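Hello,

Here is the structure for you to look through. My notes follow below it.

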There are 4 protein chains.
Amino acid sequence: MNDIASGDLGPWLSPEDLDLVRRKVPILYIDALPVRVDAHGELEAVGLLLRATDAGTISRALVSGRVLFHETIRQALERHLEKDLGPMALPRLPLAPQPYAVGEYFPTPGSAFYDARQHAVSLAYIVPVVGDCRPSHDTLEMTWLTPAEALTPEVLGDMSEGHASLLRQALANLGRLR
Amino acid sequence: MNDIASGDLGPWLSPEDLDLVRRKVPILYIDALPVRVDAHGELEAVGLLLRATDAGTISRALVSGRVLFHETIRQALERHLEKDLGPMALPRLPLAPQPYAVGEYFPTPGSAFYDARQHAVSLAYIVPVVGDCRPSHDTLEMTWLTPAEALTPEVLGDMSEGHASLLRQALANLGRLR
Amino acid sequence: MNDIASGDLGPWLSPEDLDLVRRKVPILYIDALPVRVDAHGELEAVGLLLRATDAGTISRALVSGRVLFHETIRQALERHLEKDLGPMALPRLPLAPQPYAVGEYFPTPGSAFYDARQHAVSLAYIVPVVGDCRPSHDTLEMTWLTPAEALTPEVLGDMSEGHASLLRQALANLGRLR
Amino acid sequence: MNDIASGDLGPWLSPEDLDLVRRKVPILYIDALPVRVDAHGELEAVGLLLRATDAGTISRALVSGRVLFHETIRQALERHLEKDLGPMALPRLPLAPQPYAVGEYFPTPGSAFYDARQHAVSLAYIVPVVGDCRPSHDTLEMTWLTPAEALTPEVLGDMSEGHASLLRQALANLGRLR
């Protein structure tokens with residue numbers, strides 16, 4: 001899960017405050033899996049963010065980030081999708097607030113889903129995007145993969161355990177996990 | 001639930017065969033609630049079919065019809081939406097095959113949901129439409145209502161018990177049943 | 001949503017810390033609707049907590065409370081159900097972590113769901129209980145109502161807008177909102 | 001999907017009638033995955049039916065069967081669970097009628113899910129059982145497997161493609177597909 005770098009929206013936390021709340025309460029996140037669908041609603045591809053790490057390897061991820069104070073879940077989805085996919089991605093935000101999966105991450109080594117920074121609870125959504133995806137960060141690329149490509153050990157191995165699980169759950173939910 | 005008048009798609013049943021299977025097995029239907037959503041995914045309006053009955057009254061209904069032999073659920077949704085809303089409605093078909101509700105109708109008087117013709121099981125979906133809805137039948141109109149308007153006793157009273165329930169369940173599913 | 005009175009479990013917040021985080025981030029809650037079901041899985045009754053307010057009126061509510069730091073959603077559900085229904089309630093905790101509804105509460109007057117204390121996001125679950133419910137607090141009682149009784153304006157009027165909506169959504173989800 | 005051998009319940013079809021309707025309309029089925037859960041609602045094991053085939057191999061399957069004329073989905077679930085697991089299995093039938101997955105089977109060679117006999121649509125449910133499972137048929141056994149065991153290629157390879165997919169989808173739905 002990515003953190004928020006800039007301070008242009010709203011009630012952002014100072015690094016000190018964020019440190020503090022992260023030691024006190026679970027932090028609410030959203031995760032979004034961008035997808036391409038054909039005219040009949042059939043899944044064509046899933047979009048994964050590709051990032052070069054400092055160590056020279058790559059990592060793949062869903063769109064992910066915190067829900068801010070006073071922000072609705074839908075606004076958080078919209079903000080993070082725009083931040084990571086650019087302003088022309090034209091995401092179709094979910095109609096219903098129920099997530100297809102809930103991720104629980106703990107800062108305890110050995111947890112099924114581990115996040116060194118915090119206890120996080122993430123609501124995950126599948127989001128069709130119909131526009132042009134142009135990640136704005138230098139270090140970020142967007143790749144579209146067929147369901148079969150996305151489920152290869154190579155691709156899953158480039159993802160955190162939590163995101164690999166959310167990807168599998170998304171494909172299962174769409175009836176595309178054979 | 002409406003029946004199929006024309007014979008342009010595929011393995012249609014003769015009236016005799018339809019009569020026969022209706023006395024033998026549950027018949028599979030789909031129901032679709034057309035909705036308008038804004039750019040943020042927020043529900044703006046629900047679409048109900050308006051029909052003049054022979055008795056001079058009106059009735060309101062969801063898009064509804066049988067799943068044919070050899071037809072997928074998604075194809076059945078697409079066919080019935082086109083039949084009732086015209087070819088320019090541009091429905092966004094559901095990505096996942098799980099319905100938001102399941103309707104069970106029985107030909108037994110006194111059933112919670114009654115259908116004199118048959119035992120029917122209907123899978124219900126919420127379908128955003130972004131194009132122009134032009135019902136092709138003379139007797140049919142499409143009306144868009146806000147969630148509040150749709151939930152008035154007048155509107156619900158123009159619907160069958162089953163469809164009124166599916167409408168309420170859809171609005172509940174979208175978090176819009178206050 | 002009820003707050004936590006005692007301090008026997010884990011990483012509790014001091015009142016000062018709770019005040020602070022409530023001004024910084026959305027606070028994660030769970031809501032649980034206790035239900036009685038018959039041997040065939042059919043809903044018989046919903047359980048609402050009944051509380052006498054200082055003003056001499058009564059209020060009705062779902063089981064509700066915060067998710068603590070390092071606590072899973074399922075542990076939070078179990079803890080709050082035991083706190084409010086007693087140790088012999090024998091709740092059947094949900095198998096899947098996906099809530100049937102998500103509540104979003106804002107401290108802004110005029111919000112659809114208003115919570116003066118905080119921005120809260122609540123994951124809501126339907127929880128069959130098969131044992132004996134004995135609320136431990138003096139001021140608390142548990143009442144079982146049929147779906148029809150629960151949906152009367154009198155009962156819904158004793159609930160907060162948010163909880164009344166969650167109750168309706170639960171009955172819709174179970175196909176029992178006619 | 002298994003067929004119904006005996007004729008003790010209700011509006012059974014003669015072999016001729018069943019042949020006929022199978023050439024005319026999609027046939028409605030239910031699939032049920034029996035599971036064991038611990039006191040906290042955590043999945044412990046999934047139950048698969050084990051059958052010796054005439055060819056001397058074994059096959060594994062979910063509980064599965066047709067919904068009969070005049071029968072509710074819940075009654076069909078109950079009947080097939082009792083038929084395959086015996087009268088002491090004590091299944092906890094689903095509260096809500098929405099399936100966690102929908103299977104579509106076609107008699108067309110090359111279909112994603114193939115059923116030589118018919119076009120079938122199956123609504124799939126996860127069903128905790130708390131009692132004693134004693135399959136009544138000679139040829140039938142019930143085996144309990146941990147999620148990890150159930151997901152091995154050996155086990156999945158003993159299942160039809162459709163049932164293997166429903167099993168994976170069930171584990172994904174429960175957040176147990178890592």
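What share of the interface residues of chain C are also interface residues in chain A? The share is 100%, so the copies meet through the same surface.

First, some ground rules. This is a predicted model, in which local features need pLDDT of at least 70, side-chain atom pairs count only at pLDDT 80 or more, and totals for chains, interfaces and linings use all residues. Residues are numbered from 1 along each chain as its sequence is written, while chains are lettered from A and ligands numbered from 1 in the order in which they are written.

**Chains C and A**

In chain C, 23 residues are in contact with 23 residues of chain A (contact means that the C-beta atoms, placed from the backbone, lie within 7 Å). Three elements of chain C give two or more residues to this side: helix H1 (15-22), strand E1 (27-37) and strand E5 (101-105). Helices (H or I, at least four residues) and strands (E, at least two) are DSSP runs, numbered from the N terminus. E5(C) gives the largest share, 3 residues.

**How the copies are related**

Two copies of a chain are related by a rotation about an axis and a shift along it.

**Chains D and B**

Chain D superposes on chain B by a rotation of 180° with 0.0 Å of shift along its axis (RMSD 0.0 Å). That is the relation of a two-fold axis.

Best wishes

Notes. Two residues are in contact if their C-beta atoms, placed from the backbone, lie within 7 Å. Copies are superposed by least squares on the C-alpha atoms of residues with pLDDT of at least 70 in both.
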